[in-house]
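Please keep the sequence and the three-dimensional view at hand while reading.

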Number of protein chains: 2
Amino acid sequence: MSIATATERVFNFSPGPAVLPLAVLEQAQRELVCLPGYGMSILEMSHRAPGFLDILASAKRLLRELLAIPENYHIVFLQGGSRLQFSMIPMNLLRGQSGSAEYLVTGSWSKMAVDEAKREGKVNITWDGKATNFDRLPKAGELKLAADAAYAYFCSNETIQGVQFATEPHVGEVPLVCDASSDFLHRPLPIEKYGLLYACAQKNAGPAGVTVVIVRDDLLARSQDSLPGYLNYTNHVKEDSLYNTPPTFAIYLMKLVLEWLKDEVGGLTRMHAINQQKARQLYDAIDESGGFYRGHAQPEFRSLMNVTFRLPSEALEKEFVKEGEDRRLDGLKGHRSVGGIRASIYNAMPSAGVEALAAFMREFKQKKG
Amino acid sequence: MSIATATERVFNFSPGPAVLPLAVLEQAQRELVCLPGYGMSILEMSHRAPGFLDILASAKRLLRELLAIPENYHIVFLQGGSRLQFSMIPMNLLRGQSGSAEYLVTGSWSKMAVDEAKREGKVNITWDGKATNFDRLPKAGELKLAADAAYAYFCSNETIQGVQFATEPHVGEVPLVCDASSDFLHRPLPIEKYGLLYACAQKNAGPAGVTVVIVRDDLLARSQDSLPGYLNYTNHVKEDSLYNTPPTFAIYLMKLVLEWLKDEVGGLTRMHAINQQKARQLYDAIDESGGFYRGHAQPEFRSLMNVTFRLPSEALEKEFVKEGEDRRLDGLKGHRSVGGIRASIYNAMPSAGVEALAAFMREFKQKKG
């Protein structure tokens, strides 16, 4: 069944929820009515049953292995997405601290994080990319942080603008906090540089409905007992993500994605190389178009995950999206707040999809340019 | 494939996540790799794509139809489960109000709600079932509420103790707030009696990871702009559950469950009759056992969803659970906080499962009594 179905699938360039590895979907499909050996669907299984506890432990183990997460970091699986992390981070890490929180505003997502943090405490905008319409990121030496800052917050990849940090910003001893939602697991990460890193699953790691939080042990001491129970990281760490019923199916699916990354892809170094190769094809098509396609990001800050560009007119952009759909290249419309074209090419986007899009871009330019 | 798999399934008496209708699982399985007509899995579909917007609208329409939800009530789909609602309710409905929140403590879940509400404002325990170990509920006339109370909170079914309100408690003009997580959709409800009603899906309505909130329009005026964005009901109502990426797959699956309730079961009046019939079989087995099985709840407050009882000894209880498992009757162990046996027989538990359990109970009593 799945082979016939698979051939009807489009190439899905949506920014998230986004394409998942076909092998993962096929395994989930086979197991959906009855998880082998358990007599029930994973959708029906108690979060305290040995079957689910095994899945939870495997997901954690695979994350720890793929990202080489040190022992003094905890991994928890939460709900509520980035929006809830925007609040939980300052509630846990800023309340009761003397220093301010330092925010790097590099696009739409980090801007939203600032708006929520301001409700919780003193926030300082360390860097703001607004002046150049968020087409670049801070360079080494550009950041001036207060030494007593509670933490420094950045978004490693801005999906809407398509700018991405290739390496971590330099923040000295200040705990670094990262929204890695849209490029989590796309390359190996030096976790020891981070105080807290979180990622919603629905771009690179699984379906919508689960958020991974990786937090350094010493930072948990900041969480005050007066916090609402669900919003206190310590509760989730203490109960090993079973403080309440976790999103069991989403965690199961993430486990399958992690197995795919390890066994099929061969780890994050290999994944990174593939991602670089995929992105290069699209940026080459932009750069070779003689200005027909104009990339939004300055070249050195281009995202490997979200390739954003404009065409000579909005009419042509509409035509491009429409003609793409006719070729089963889906989800190319840019975010409603900035327009243009956005091709999201997360880990699970096959090279064949990128090749088809690059070929289409050249052809469309040939015809209309 | 699904028929062969289905025959290996157990009867799952887990309290939640819990049994789902087999027809729902089979449909989800067929569609998992490629949702017909969309070229991708529902797991990969953007929450702003027409395909998902249709699913969201259908889920809302079906809920409105099945429960006859009046037009002045909003329906939103959130994350974070009951634990987050324990905090969101007082944050939105108690902050800034002069009256206190009145809580009916009828078991473990309402007790946890009190603990969280106390962080947010003035709470009054209107009624407490602790004196009789939560084996009964308040009767008409027993409740004395302050007339200016911000709201009155109750849990319609306590899964751990197995006590259930057959009708709503009388609270006069005070807005009634209900945790209906474990008996949502088990009978028709007079929604107009409620100010706010919420339910996590993972017992009667779908998988873990989505919480339905039904809230009366006028109560939204209480939510203060200073609330963290995700925790403000108004944001979710304004954005029609798309304030952030919703748990798309869980909403899709809930839609399938709602279709099953409407088309296969024939609506909530019929569902209620079936539930009464199923519960009666187990309570009969208890009552006819000559004291071998002792039901926890006083008969008039017995739950139709969670049948809780003890055996003459803990050793026999262990044996009962073990022997049940051997007969593919799974998940009968009571909650670790109270012990004993709990058979959760939500909407999707087939009558055949209840019959098998009742027969096993009689046989076990015969052998060991």
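In this predicted model, the contact between the two chains takes 59 residues from chain A and 59 residues from chain B. Four helices of chain A each supply at least two residues of the side that touches chain B: H1 (2-7), H2 (22-31), H4 (81-93) and H7 (248-265). The largest share of that side, 6 residues, comes from H4 of chain A. By residue type, the side of chain A that touches chain B divides into 27 nonpolar, 23 polar and 9 charged residues.

**Confidence**

The predictor gives the complex an ipTM of 0.97 and a pTM of 0.97. For chain A, the mean pLDDT is 96, and 98% of the residues reach 70 or more. Residues 1-6 of chain A are another matter: pLDDT stays under 50 there, and the model has 7 contacts for them beyond four places in sequence. Where pLDDT is low, the predicted coordinates should not be read in detail.

**Domains of chain A**

The domain assignment divides chain A into domain 1 (27-263) and domain 2 (267-368). The centres of the two domains, taken over C-alpha atoms, are separated by 27 Å. Their contact takes 22 residues from domain 1 and 23 residues from domain 2 of chain A. On the domain 1 side, the elements that give two or more residues are strand S7 (163-164) and helix H7 of chain A. This side of domain 1 divides into 7 nonpolar, 9 polar and 6 charged residues.

**Strands of chain A**

How many strands form the open sheet that includes S12 of chain A? There are 3, in the order S11-S12-S14, and their pairing is antiparallel. Strands S11 (294-295) and S14 (341-344) of chain A stand at the edges; each has a single partner strand, so one side of each is left without a neighbour in the sheet. Helix H8 (residues 268-287) of chain A lies across S11, S12 and S14, running at about 10 degrees to S12 of chain A.

Another strand to locate is S10 (residues 211-216) of chain A, which is mostly covered, with 5 of its 6 residues buried. Strand S10 of chain A pairs with S2 and also with S9 of chain A. One residue of S10, A:Val215, stands opposite A:His74 and is also the bridge partner of A:Leu196. Strands of a sheet pair through backbone hydrogen bonds, either parallel or antiparallel.

| Strand pair (chain A) | Direction | Bridges |
|---|---|---|
| S11 and S12 (residues 306-310) | antiparallel | 2 bridges |
| S2 (residues 73-78) and S10 | antiparallel | 6 bridges |
| S9 (residues 196-200) and S10 | antiparallel | 5 bridges |

**A residue of chain B**

Is B:Leu189 buried or exposed? A residue is buried if 20 or more other C-beta atoms lie within 10 Å of its own. Because B:Leu189 has 23 C-beta neighbours inside 10 Å, B:Leu189 counts as buried. This residue, B:Leu189, is found in the loop between strand S8 (176-179) and strand S9 (196-200) of chain B. From C-alpha to C-alpha, B:Leu189 and B:Asp218 are 20 Å apart in space, and they are 29 residues apart in sequence.

Conventions. Residues are numbered from 1 along each chain as its sequence is written. Chains are lettered from A and ligands numbered from 1 in the order in which they are written. This is a predicted model: local features need pLDDT of at least 70, side-chain atom pairs count only at pLDDT 80 or more; totals for chains, interfaces and linings use all residues. Two strands pair if DSSP finds at least two bridges between them. Axes are lines fitted to C-alpha atoms, for helices over the stretch in contact, and angles run from 0 to 180 degrees between N-to-C directions. Ala, Val, Leu, Ile, Met, Phe, Trp, Tyr, Cys and Pro count as nonpolar, Asp, Glu, Lys and Arg as charged, and the others, Gly among them, as polar. Domain bounds come from an automatic or database domain assignment. pLDDT is the predictor's confidence in each residue, from 0 to 100. A residue is buried if 20 or more other C-beta atoms lie within 10 Å of its own, exposed if 12 or fewer, and partly exposed in between; C-beta atoms are placed from the backbone.
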